[in-house]
Amino acid sequence: MKHCARCGLPETYETIEFDAAGICNICRQNEFKRETIDWSGRKAALDALVEQYRGKYPYDCIVPFSGGKDSTYTLWYLMKEYRIKPLVVQFNHGFMRENLQQNNERTFKKLGVEVISFTPNWQVVKRLMLEALVRKGDFCWHCHTGIFAYPMQIAIRFGVPLVFWGEPSSEYTSYYDYRDDQVEEVDEVRFNRYINLGITAEDMAGMISGDFPLDPRDMAPFTYPRSVCLGSYIPWDVKAHVRKIQAELGWQGDQVEGMPWNVYPYEKIECHMQGVRDYIKWLKRGYSRVTQMTALDVRNGTMTSEEQRKLVAEHEGRKPYSLTLLLEYLQLTEEEFNAIVAKTVVSPWKPDFSIVNWAPKPRDTEQWYREKPAVASDEKQRTLKTATER
Ligand SMILES: [Zn+2]
């Protein structure tokens with residue numbers, strides 16, 4: 001497979017393109033972020049945005065919140081920088097880990113925020129996971145769509161027309177699948193282009209307020225929420241943000257399957273199914289989150305390509321314990337699972353389904369929800385010694 005000459009991302013990476021120098025578009029985007037974007041101008045635009053909505057609605061904004069580093073930083077930043085009153089909206093995907101829940105409770109109490117949490121029907125979720133896995137090789141559809149759609153519904157129900165997401169998708173381009181990158185913007189664009197005839201509720205208020213006694217709140221039901229990423233306004237620096245939320249909120253990282261825990265204790269700690277999600281990516285595309293995270297560090301000059309190769313070789317492509325859980329939830333055998341994933345493999349990658357190298361088990365696996373008692377393969381996994389177990 002072809003790899004980016006700078007960051008090492010492979011040609012199977014979503015949305016990747018290489019230029020004549022063999023450098024990928026995500027590396028080029030990062031250069032643009034650091035060298036060309038006027039961040040002080042962006043910050044002034046953020047100040048204006050916050051003031052435009054402050055005090056006019058039941059809440060100043062909605063913050064969709066997973067409890068990971070990005071949404072935690074977003075919430076902390078908005079509270080500290082602007083002293084706003086947000087409504088925090090949490091979509092419970094069904095795989096929240098104990099450390100995450102402790103982080104969330106601590107963060108909510110320290111910051112003093114109001115929170116709405118929603119949990120969808122588990123029986124429906126399981127069926128959606130199977131359908132999305134079979135059709136797209138990605139069982140997380142319910143989570144992506146729920147995390148995006150539910151906070152927007154709450155924004156509309158409460159009449160709060162400003163929603164703050166955290167990390168901009170351009171930081172990775174395809175942090176999830178391409179569909180999610182689109183969903184973030186497309187609906188609002190489509191709303192403004194087709195649904196509202198090109199007239200926003202704000203425009204309309206201006207048009208009729210001359211001859212109509214309009215209360216600004218009258219237009220709330222017609223207002224599509226502004227839905228923006230904080231990282232479009234301030235430069236996104238994951239390592240610095242993690243240090244900040246650790247110091248200010250006592251935020252704790254966690255062990256995520258398939259990751260080098262000592263190097264990345266903060267990445268994707270929100271979901272106990274992350275390991276199998278990354279494993280599917282490995283089978284489909286020949287890389288997983290280790291390649292992705294180290295690419296970011298190599299790009300930013302905090303890791304050498306040599307160190308990257310070592311971490312990737314040691315950690316990628318190992319079978320996670322969460323695979324066992326996924327098979328239980330979806331009532332699939334591993335052979336059936338492999339056959340489904342094989343249909344979604346991205347050329348020229350050819351996966352090796354005969355891997356028997358298990359990833360180390362995170363400390364809290366005993367608490368991860370199970371559909372039925374342990375099977376023999378778990379026993380086998382428990383006895384396997386691995387190079388990275390500490
Ligand atoms: Zn690159």
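Start with the zinc ion: its donor residues follow the spacing C-x2-C-x16-C-x2-C in the sequence. Keep in mind that you're looking at a predicted model. Select Cys4, Cys7, Cys24 and Cys27, and you'll see their SG atoms coordinating the zinc ion at 2.3 to 2.4 Å. What geometry does the site of the zinc ion have? It's tetrahedral, with angles of 102 to 113° among the 4 donor atoms. For reference, the ideal angle for four tetrahedral donors is 109.5 degrees.

Are Cys7 and Cys24 buried or exposed? Both are buried.

Next stop: salt bridges. The model has 22 of them. Click on Lys69, in helix H3 (residues 69-82). One partner is Asp70, with the closest N and O atoms 2.9 Å apart. Another is Glu267, at 3.2 Å between the closest N and O atoms. Glu267 lies in the loop between helix H9 (238-249) and helix H10 (274-285), 198 residues from Lys69. Lys69 is buried, at 5% relative accessible area, and Asp70 is buried too, at 12%. Glu267 is also buried.

Last, pick Lys126 and Glu371, whose closest N and O atoms are 2.8 Å apart in a salt bridge. Lys126 is in helix H5 (residues 122-136) and Glu371 is in the loop between helix H14 (334-342) and helix H15 (376-383), so this pair ties together parts 245 residues apart in sequence. Lys126 is buried at 12% relative accessibility, while Glu371 is partly exposed at 28%.

Terms used:
Residues numbered from 1 in each chain as written. Predicted model: local features only at pLDDT ≥ 70, side-chain atom pairs only at ≥ 80, totals over all residues. Heavy atoms only, no water. Donors = N, O, S within 2.8 Å, 3.2 Å for Na, K, Ca; no water. Tetrahedral: all angles 85-135°; square planar, octahedral: opposite > 155°, others 65-115°. Buried < 20%, exposed > 50% of the residue type's maximum accessible area, 1.4 Å probe, protein only. Salt bridge = Lys/Arg side-chain N within 4 Å of Asp/Glu carboxyl O. Helix = DSSP H or I, 4+ residues; strand = E, 2+ residues; numbered from the N terminus.
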